[in-house]
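Biologist: Hey, could you walk me through this one? I'd like to start with the words you use, then go residue by residue.

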Amino acid sequence: MPVAIGVLAFYLTFMVFPIAYSLVGSFFDWRPLQGRFDFHGLKHYRELLSDPAFYRGMRINLTFMAGVVIARTVIGLAIALAIASLRFGVQFFRTVYFLPVVAPMIAISLLWTWIYDPNYGLANQALTLIGLPTLRWLRDPDLALLGIMVMTVWKEVGYAVVIFLAALAGVPRSLYEAATIDGANAWNRFVHVTLPSIRPATAFIVVTSIITYLQTFGQIFIMTRGGPGTSTTTTVYQIYDEAFVLFDFGTAAALSMLLFVVVGVVTIVTFVFGRRS
Amino acid sequence: MTAHVRTQVALLLVLSLGAVVILVPFAWMVLSSFKPNVELVQLPPSFFPEEPTFANFVRVWTEIAFGRYMWNSLWLATVRTLLVLYTSALAGYLFAVYDFRGKRLLFGLVLATMMVPWPVTIIAQYQQMLWFGWVGSYVALIVPTLMNSFGIFMMRQFMAGLPRELIDAARVDGASEIGIFHRIVLPLSRAAVSALGIFLFLWSWDDFLWPYLMLLDDADYVLPIGIALLQGRYEVDFGAVFAGMSLTIVPVVIVYVFLQRSFIEGIAFSGIKE
């Protein structure tokens with residue numbers, strides 16, 4: 001049983017201990033570079049919960065998550081349905097839509113910073129081409145978050161497409177034939193046959209997306225660093241800032257515990273909601 | 001045209017439009033990396049390079065040491081992938097085939113850590129690395145990532161489906177447990193191993209924050225850090241930015257085009273087995 005002991009030792013050292021230590025550290029004035037670790041009680045939590053910046057960060061974090069999860073799921077399913085109905089070219093489109101998924105996120109984020117460049121970027125060139133006024137994209141506080149969301153969906157919708165395509169291929173043809181004989185039109189077949197049959201895949205996409213996009217960091221770091229102003233400063237970005245720019249680990253740990261609670265609550269709510277419907 | 005043909009044509013048009021939206025940014029990036037800086041800022045902008053040049057690549061290679069970062073990324077991703085593949089297969093086999101006290105609890109622990117957001121662990125892990133004196137060394141990148149919950153889970157799911165008679169027959173023939181794992185279980189799991197290997201390699205190739213925090217010496221940097229450094233050149237050297245992005249993205253795309261079957265099937269497999 002040395003393997004079991006190895007697994008246990010690894011998880012205790014590099015997962016369980018850090019989680020427990022972060023929890024403990026959230027009650028301390030914890031500054032690793034000065035070697036400080038003094039008990040503070042609930043001070044960090046009290047400060048955070050009375051700080052408007054905390055709620056703003058959470059709101060931005062949740063907005064980003066909700067937008068990307070919905071868009072990725074809905075667009076992913078739409079593309080998968082379209083590809084699944086094709087007579088030929090299935091493999092070609094599947095390959096193309098999956099391409100951005102394998103491309104490295106950090107480099108793609110920098111590429112999209114360029115695409116959104118107000119002077120030389122593709123986005124404004126495209127708008128000009130179809131005769132629309134140009135936008136300031138990531139430099140505009142009202143558009144920056146949306147810009148990062150669009151980029152994220154562009155990059156990662158292909159994953160949902162592949163999962164949905166695999167699920168759609170598993171729906172028995174006899175179900176569709178039976179529904180057609182019963183006089184169901186295309187929309188009825190979609191609602192009463194397709195959707196219930198692919199529910200496990202939908203649940204998988206929704207839940208994994210929620211967990212992923214509540215923790216998004218790379219794109220925001222590369223594209224906006226939380227700006228302009230605080231328009232893209234999510235809770236995760238605040239944690240990075242407190243921990244690795246200010247090296248205030250206590251505040252960062254308290255913030256990460258609050259994020260943990262939100263991730264847990266949102267995931268449980270999704271499960272309960274999914275069970276019921 | 002029958003209704004059916006019309007639907008096919010409409011679908012093809014819409015999907016092709018989407019494919020253009022996916023592909024044009026890649027094409028724009030590659031083409032731009034061959035344009036001199038003056039052409040990149042000219043108005044109206046060009047799509048195809050008017051005077052193609054390799055100068056941008058030469059600059060990222062010599063001034064920002066992209067060749068070095070690429071080599072570091074490559075060997076680090078290879079080492080991490082091989083190590084984690086081995087630990088995932090070994091632990092996956094353990095959970096799939098053996099019964100021992102506390103097995104459910106241990107497997108539950110492995111799965112539960114997948115739900116924990118990374119900001120929760122990264123703070124204390126940083127403190128840990130300070131204690132161990134690993135900051136600034138590749139050890140900090142390799143050891144804490146030696147086991148991977150997703151990898152263990154995926155291998156367990158796959159190996160639970162392997163025929164038990166083969167394993168039992170090998171035992172009767174007197175093969176050792178570790179021998180069975182190496183000579184029978186691993187070869188039979190090739191499909192799952194290669195799918196997981198692709199995942200792990202891509203994850204390491206793209207891993208940014210932890211290396212960014214842990215590596216202190218410029219000579220040790222990996223590609224994503226090089227990309228973050230390029231961002232500093234944003235306002236001054238457009239060509240270098242495009243060349244650096246191309247060098248990071250294009251190799252992955254080329255490998256993907258050749259291996260796309262195992263990429264996509266591995267991913268579909270991981271989702272369906274849930």
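This is a predicted model: local features need pLDDT of at least 70, side-chain atom pairs count only at pLDDT 80 or more; totals for chains, interfaces and linings use all residues.

Biologist: Okay, which residues is Thr152(A) in contact with, leaving aside neighbours within four places in sequence?

Modeller: Those are Phe64(A), Val68(A), Tyr213(A) and Gln219(A). Thr152(A) itself sits in helix 7 of chain A. Helices here are DSSP runs of H or I with at least four residues, strands are runs of E with at least two, and both are numbered from the N terminus.

Biologist: Is Thr152(A) buried or exposed?

Modeller: Thr152(A) has a relative accessible area of 0%, so it is buried. Buried means under 20% relative accessible area, exposed means over 50%, and partly exposed is in between, using a 1.4 Å probe and protein chains only.

Biologist: Next one: where is Leu122(A) found?

Modeller: Leu122(A) is in helix 6 of chain A, which covers residues 122-129. Its relative accessibility is 13%, so Leu122(A) counts as buried.

Biologist: And what does Leu122(A) touch?

Modeller: Not counting residues up to four places away in sequence, Leu122(A) touches Trp114(A) and Ile115(A), plus Val24(B), Pro25(B) and Trp28(B).

Biologist: How far is Leu122(A) from Arg275(A)?

Modeller: From C-alpha to C-alpha they are 43 Å apart in space, and 153 residues apart in sequence.

Biologist: What is the phi of Arg225(A)?

Modeller: Phi of Arg225(A) is near 50°, which is positive, and Arg225(A) is not a glycine. Arg225(A) is also in the loop between helix 11 and helix 12 of chain A. At 40% relative accessibility, Arg225(A) counts as partly exposed.

Biologist: And what's up with the phi of Trp137(A)?

Modeller: Trp137(A) isn't a glycine, yet its phi is positive, at about 45°. You'll find Trp137(A) in the loop between helix 6 and helix 7 (144-169) of chain A. Trp137(A) has 16% relative accessibility, so it counts as buried.

Biologist: Zooming out, which domains does the assignment give for chain A?

Modeller: Domain 1 takes in 65-233 and domain 2 takes in 237-277. The contact between them takes 13 residues from domain 1 of chain A and 12 residues from domain 2 of chain A. Their centres, taken over C-alpha atoms, are 24 Å apart. The bounds come from an automatic or database domain assignment.

Biologist: How many helices and strands are there in chain A?

Modeller: Chain A has 13 helices and 2 strands. Of its 277 residues, 55% are buried. The C-alpha trace of chain A spans about 70 × 60 × 40 Å along its principal axes.

Biologist: How many helices and strands are there in chain B, then?

Modeller: Chain B has 14 helices and 0 strands. The radius of gyration of chain B is 24 Å, well over the 19 Å from the globule rule for 274 residues, so chain B is more spread out than a compact globule. That radius is taken over C-alpha atoms, and the rule is 2.2 Å times the number of residues to the power 0.38.

Biologist: What box do the C-alpha atoms of chain B fill?

Modeller: Taken along the principal axes, the box is roughly 75 × 70 × 35 Å. In chain B, 53% of the 274 residues count as buried.

Biologist: Last one: how much of the contacts in chain B with a separation of 6 or more comes from residues 24 or more positions apart?

Modeller: Those residues account for 71% of such contacts in chain B. In chain A, among contacts between residues at least 6 apart in sequence, 66% join residues at least 24 apart.

Notes: Residues are numbered from 1 along each chain as its sequence is written. Chains are lettered from A and ligands numbered from 1 in the order in which they are written. Side-chain values use heavy atoms; hydrogens and water are left out. Contact means heavy atoms within 4.5 Å.
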